[in-house]
Amino acid sequence: MLRIAVLDDFQSAAAEFADWSRLPEAADVVSFPDHLDDEDAVAERLAGFDVVIAMRERTPFPRGLLQRLPRLRLLVTTGPRNSAIDLAAAADCGVTVCGTGAHPTGTVELTWALILAVARHVAAEDAGVRAGGWQHTVGTDLAGATLGVVGLGRLGTRVARIGAAFGMDVVAWSANLTAERAAEAGVRRVAKDELFATADVVTVHLVLSARTRGLVGAEELARMKPTAFLVNTSRGPIVDEAALLAALHEGRIGGAGLDVYDREPLPADSPVRTAPRTVLTPHLGYVTRDTYAVFYGEAVEDVAAFLRGAPVRVLHPG
């Protein structure tokens, strides 16, 4: 019997968003709605499976884990890339790794949900109304304010265009961004220091790498206006968590909207959970119906193609 594990299916959504009947009748599909951090526990759980479907980078697959899964033949990651999978190790272990497509708008929309929620104190006012109160805060206008986009790629460009629609002055910076590329997107390229010093909202849209890890640190946060907001829907470690917490507790920035964290799921005792002037969501940027239809639908396609001996969307090392 072919055994397939679906990992980190927090909403138990895998069964709803794909036609698993396309696989052989003998296939046994097991969905796990919880997350395991311990590598020994992950190895024990997956020891009896031929195929694993991983949700993004929630569960890492380093060489040590892959070597402990001799039965594993196919590892599918949702999305077109996964930095948490050691592709070279997978190849050495004879494991084929395949990806899926993605749906580009979910993270952009959540970015704006967080910007608006922080600027208008939505979470605090919602709690106030439910507690019997009325009008405790004064919101911040976006029209006429400056939006600073850190990373003007596919997602950052979409976020920038929405900022322009709100009547914001949109500026952008990334290490390789040119003035010409920024102009094509309808924004102005500025230096990194200028962006953090002048933006009323800073939103992060970079890929996590050795170069971007900790890129938004104490120095960058110190340059921000005391009324400015930081929004991160990219990857947690791009922002220095300790520096951000200090800036929030000391009132040196106006607030933050966070969807991503250094550790996910966010530990129950994380100080981020009680940080002031924050709106927190549990890495929901890509968690939409359209995205899950692509992720799980194409994951099933990957398995079916592999069983036919013609794997698709194969990820190669290097």
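Trainee: How do the residues of the lining of the second largest pocket divide into nonpolar, polar and charged?
Mentor: A pocket is an open set of points, on a 1 Å grid over the protein atoms alone, with protein on both sides within 12 Å along at least five of seven lines, and its lining residues have an atom within 4 Å of a point. Ala, Val, Leu, Ile, Met, Phe, Trp, Tyr, Cys and Pro count as nonpolar, Asp, Glu, Lys and Arg as charged, and the others, Gly among them, as polar. By these classes, the lining of the second largest pocket divides into 12 nonpolar, 5 polar and 10 charged residues.

Trainee: What pLDDT do side-chain atom pairs need in order to count in this predicted model?
Mentor: Residues are numbered from 1 along each chain as its sequence is written, and side-chain values use heavy atoms, with hydrogens and water left out. The model is predicted, and while totals for chains, interfaces and linings use all residues, local features need pLDDT of at least 70 and side-chain atom pairs count only at pLDDT 80 or more.

Trainee: Which residues lie nearest the centre of the second largest pocket?
Mentor: The second largest pocket holds about 600 Å³ of space, where a volume is the space filled by probe spheres set on grid points that are joined across faces, edges and corners. Its lining has 27 residues, and those that lie nearest its centre are Glu 57, Arg 58, Pro 60, Asp 262 and Glu 264.

Trainee: Which element gives the most to the lining of the largest pocket?
Mentor: About 990 Å³ of space lies in the largest pocket, and of the 41 residues that line it, Arg 81, Arg 154, Leu 155, Leu 206 and Val 207 are the closest to its centre. The elements that give two or more residues to this lining are H4, helix H6 (154-165) and helix H11 (289-307), helices (H or I, at least four residues) and strands (E, at least two) being DSSP runs numbered from the N terminus. By class, the lining has 14 nonpolar, 19 polar and 8 charged residues. The element that gives the most, with 3 residues, is H6.

Trainee: Is Thr 107 buried or exposed?
Mentor: Thr 107 is found in helix H4 (residues 105-119), and, not counting residues up to four places away in sequence, it touches Leu 155, Thr 233, Gly 285 and Tyr 286, a contact being heavy atoms within 4.5 Å. Buried means under 20% relative accessible area, exposed over 50%, and partly exposed in between (1.4 Å probe, protein chains only). Because its relative accessible area is 16%, Thr 107 counts as buried.

Trainee: Which helix gives the largest share of the lining of the largest cavity?
Mentor: A cavity is a set of grid points where a 1.4 Å probe fits but cannot get out, and the count comes to 2 cavities of 30 Å³ or more. The largest cavity holds about 110 Å³ of space, and its lining divides into 8 nonpolar, 2 polar and 2 charged residues. Among the lining residues are Leu 244, Leu 245, Leu 248 and Asp 262. The largest share of this lining, 4 residues, comes from helix H10 (residues 241-249).

Trainee: What volume does the second largest cavity have?
Mentor: The second largest cavity is lined by residues including Leu 7, Asp 8, Phe 32 and Arg 45, and by class its lining has 4 nonpolar, 2 polar and 3 charged residues. Its volume is about 60 Å³.
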